[in-house]
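Below is a short report on selected local features of a two-chain model. The sequence and structure come before the text.

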Amino acid sequence: MIWLSKRRTIFFMLIPTLIVYLGYIIMPVLISFYYSLTEYTGIGAARFIGLDNFNRLLNDSLFWISLKNTLIVLAVALLLLLPGAFLLALLLNVKVKGGNAVKALNFAPSIVAPILVGLIWVFILDPQMGMINVILTKLGLGQFALSWIGGKTLTPYSIGIVFTWQMIGFLATIFLAGLKMIPRDVYESSSMDGASKVQQMFRITIPMMNETVKINVILIITGVFKIFETVLLLTNGGPNHLSEVMVTYMYNVTFTSGEYGYGMAIATVTFLLTLIFSLVYMSLSRKSIEE
Amino acid sequence: MKNRFSIILMACLLILSLAACGSNSTPKNENASSGAGPVTLSIAMHVANVKEQEPYMYGIIQKFQEKYPDIKIDLTGAETQEHVKKMKMMSQSGNLPDIFWMLPAPAKEMNKAGLLLDLTDFLKSNPEVAAGIDSQMVSDYQDGGKQFGLPYQALVTGLWYNKALFDQYKVKVPETYEELLAAAKVFKANNVVTIAKGSKDTFSTWAFLGMLTRYGFFDKIADIESGKEKFNNPDFLKLFNKIDELRVNGAFPENVSTLSYFQAVEMFTGGKAAMLDAGVWETKKIEGSPIAKTAGFSWGPTFSDGVGNQKIAMAVAAAPLVASAKVKDDPAKYDAVQKFFAFFYSQEGAAVMAENEAPPVVKYTGTVDKAKYPVYAEVISKLNEPGWERPKAQPDLVVSEAVANQLNDSIYGVINGIYKPEQALDLIDQKVAK
């Protein structure tokens, strides 16, 4: 097997993967960046216009609304999803009868197609026929029956909650795998030294889960910046783009309005923001470990 | 030896990968012959399930294949937006289907890029087809001296109404805006939706686009596009103020912002709404619903402060059926395309349309069984009603995709209560300026 570990052989073995990666990831990113510098309707030749599309973004109120909504969803996800998934993983880590069935149930929303997730939640959140408002009205709490979706303010928060529901089982499974990696003897020796359960949690479990937390935060950031089907089904970005997130707005501009160049400028900014958020978080978490 | 073997293996993989990445220069229809023998025509439509959603097209294709057994049709379909996106991408790779449905604005651009077949010769060699289609509809798809497409179907839009609900609440079926507003007030007081609409599908603004033509849209649009006039002009503002007035008086569903067009149709066919903003493509669905016997179709209200003739019936060309310019490179395929167009616009084709309760594009000489198809008979009688002028086109079909999208968005912005009428019109002006 020595021949396999030769640098030249490794390079050759990587070539097919690199070609696929280049063809399906790098090239489309570069091509969309090129089109972001053009005026293009998707037919005929594109006209090079430099950074005009990016200038237009600065004055496009709908773009800022979509960015604001995306950041609201991100904040809701980070506040609810991360601690929620961690707590769920702690619960799932306790050995109980039927624990495996509970684990499977928790994971179920992650394997449901996002388009179906949207459909399910329409029947829960719709202000007229949705389950929440119907129950509230029947309980005589009609004043709390709000426009969870389709109104002017609450939709991005609702999307954040739907995203949390959809992802919690998946992230909890990753946390659970992280918990299983922590050696038992660390807890045993700390118990012998008199550490309480709370102390074990904050001094052993959380610090030793640092890498897992990092993976989950990156998954949340990248997941939020590509939310599409859920919004499409819940509101289609409406009313009048007020619940648009970056990907749905990009889709609307590109494929409904036929402004491919401008749409690619939004796609480029979305890509860059995802990259920046992930890199900043990774660098901050690295710094906190070094300190 | 092992080393050499691995290098050879890698080289083979590399060649395979490169071959996979290379452009597909093979024609889509490999059995498209250049001489006699079987020919396969690819046809792409704007609905996901052609058999269910466009049964007349499906029926025409079946009948065509029976008549010409040597011509096979490879029929594909995708939801409208997906279909348009797909056609644009295929145009970039030079792999357009032989015949396909397209929106007018991108079809015009494809024609400019030389991607579409000029059907002028076809019309010259088939004078009965040219004579059978409304001349306005034919000229809608002419540009740069070329006939780049022919109308796929007649776009007939307006307001469907359920007479039973009007009778129940003793309200007159509205012919004027004042009557519509009065009806909305009565229906609101009785928890009945006046006009079923769903703003999740922003394209569903047909009746309001028709109303725009009653405020002089076609007198103004050229000046608006050249910058001499604004969308935010006193006439259009009157209409947008009226849409707002209808909203304030509860004419639309309370959850209009989370309803889809299809839910709005269900609302109407389920007897929960007095009117529906849609077109005659819903004829078959309404015919099969519990309200079939009491359903009627109107061209929408007229306006006392409108501009010009108020008796405008929105019966225009919907979108063109076009052919790829490449079919001309293959004589057998070119011949098959001509045969298909000739069949589609023949009386045989029109009969299939009538069987499926769609308004034929050509002047149909057949009859409609009123007892069997009361809703369809009502539509046909509306189409034949004298004294109604037909506009050049539906307003959103004569502007760019971006402006059309904003126009729909602005109408729904007022219906949703998100935009004030002036603001909604300003947004269209901003799009026109871009």
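## Crossing of α3(B) and α17(B)

The crossing of α3(B) and α17(B) is right-handed; a crossing is called right-handed if the near helix is turned clockwise from the far one by less than a right angle, and left-handed if anticlockwise. Helix α3 covers residues 55-67 of chain B and helix α17 residues 347-355, and their axes come within 9 Å and cross at roughly 145 degrees. Axes here are lines fitted to C-alpha atoms, for helices over the stretch in contact, with angles running from 0 to 180 degrees between N-to-C directions. Helices (H or I, at least four residues) and strands (E, at least two) are DSSP runs, numbered from the N terminus.

On the α3(B) side the residues are Tyr56(B), Gly59(B), Ile60(B), Lys63(B) and Lys67(B), and they meet Glu348(B), Gly349(B), Val352(B), Met353(B) and Glu355(B) of α17(B). Contact means heavy atoms within 4.5 Å. The residues of this contact divide into 4 nonpolar, 2 polar and 4 charged. In this division Ala, Val, Leu, Ile, Met, Phe, Trp, Tyr, Cys and Pro count as nonpolar, Asp, Glu, Lys and Arg as charged, and the others, Gly among them, as polar.

## Basis of the model

This is a predicted model, in which local features need pLDDT of at least 70 and side-chain atom pairs count only at pLDDT 80 or more, while totals for chains, interfaces and linings use all residues. Residues are numbered from 1 along each chain as its sequence is written, chains are lettered from A and ligands numbered from 1 in the order in which they are written, and side-chain values use heavy atoms, with hydrogens and water left out.

Glu357(B) lies in the loop between α17 and α18 of chain B. Phi of Glu357(B) is near 60 degrees, a positive value in a residue other than glycine. Most residues other than glycine have a negative phi, and most peptide bonds are trans. Glu357(B) counts as buried at 5% relative accessibility; buried means under 20% relative accessible area, exposed over 50%, and partly exposed in between (1.4 Å probe, protein chains only).

Gly366(B) is in the loop between α17 and α18 (374-383) as well. Gly366(B) is partly exposed, with a relative accessible area of 33%. Between Gly366(B) and Ala351(B) there are 15 residues in sequence and 7.1 Å in space, C-alpha to C-alpha.

Helix α4 of chain B (residues 80-92) has 13 residues and reaches 19 Å from its first C-alpha to its last, close to the 18 Å expected at 1.5 Å a residue. The expected span is 1.5 Å times one less than the number of residues. Buried residues of α4(B) are His83(B), Val84(B), Lys85(B), Met87(B), Lys88(B), Met90(B) and Ser91(B). After the helix comes Gly94(B), with a positive phi near 70 degrees.

Two of these residues, Val84(B) and Lys88(B), are touched by Glu401(B), a residue of helix α19 (residues 401-415) of chain B. Leaving out residues up to four places away in sequence, Glu401(B) also touches Leu103(B), Ala105(B) and Pro106(B), and from chain A Phe255(A), Thr256(A), Ser257(A) and Gly258(A). Glu401(B) is buried, with a relative accessible area of 12%.

Apart from neighbours within four places in sequence, Thr157(B) is in contact with Trp206(B), Ala278(B), Gly279(B), Trp281(B), Phe297(B), Trp299(B), Met314(B) and Gln394(B).

Gln136(B) is placed in helix α8 (residues 135-139) of chain B and is partly exposed, with a relative accessible area of 32%. The side chain of Gln136(B) makes a polar contact with that of Asp140(B) at 2.9 Å. A polar contact is a pair of N or O atoms within 3.5 Å; within protein, one must be able to donate a hydrogen and the other to accept it, and residues adjacent in sequence count only if both atoms are side-chain atoms.

## Chain A

Chain A has 13 helices and 2 strands, and 45% of its 291 residues count as buried. Its C-alpha atoms fill a box of roughly 75 × 75 × 35 Å along the principal axes.

The peptide bond from Gly238(A) to Pro239(A) is cis, with omega near 0 degrees. Pro239(A) lies in the loop between α11 (229-234) and α12 (246-256) of chain A, and Asn240(A) is placed in the loop between α11 and α12 too. Phi of Asn240(A) is positive, near 50 degrees, and Asn240(A) counts as buried at 5% relative accessibility.
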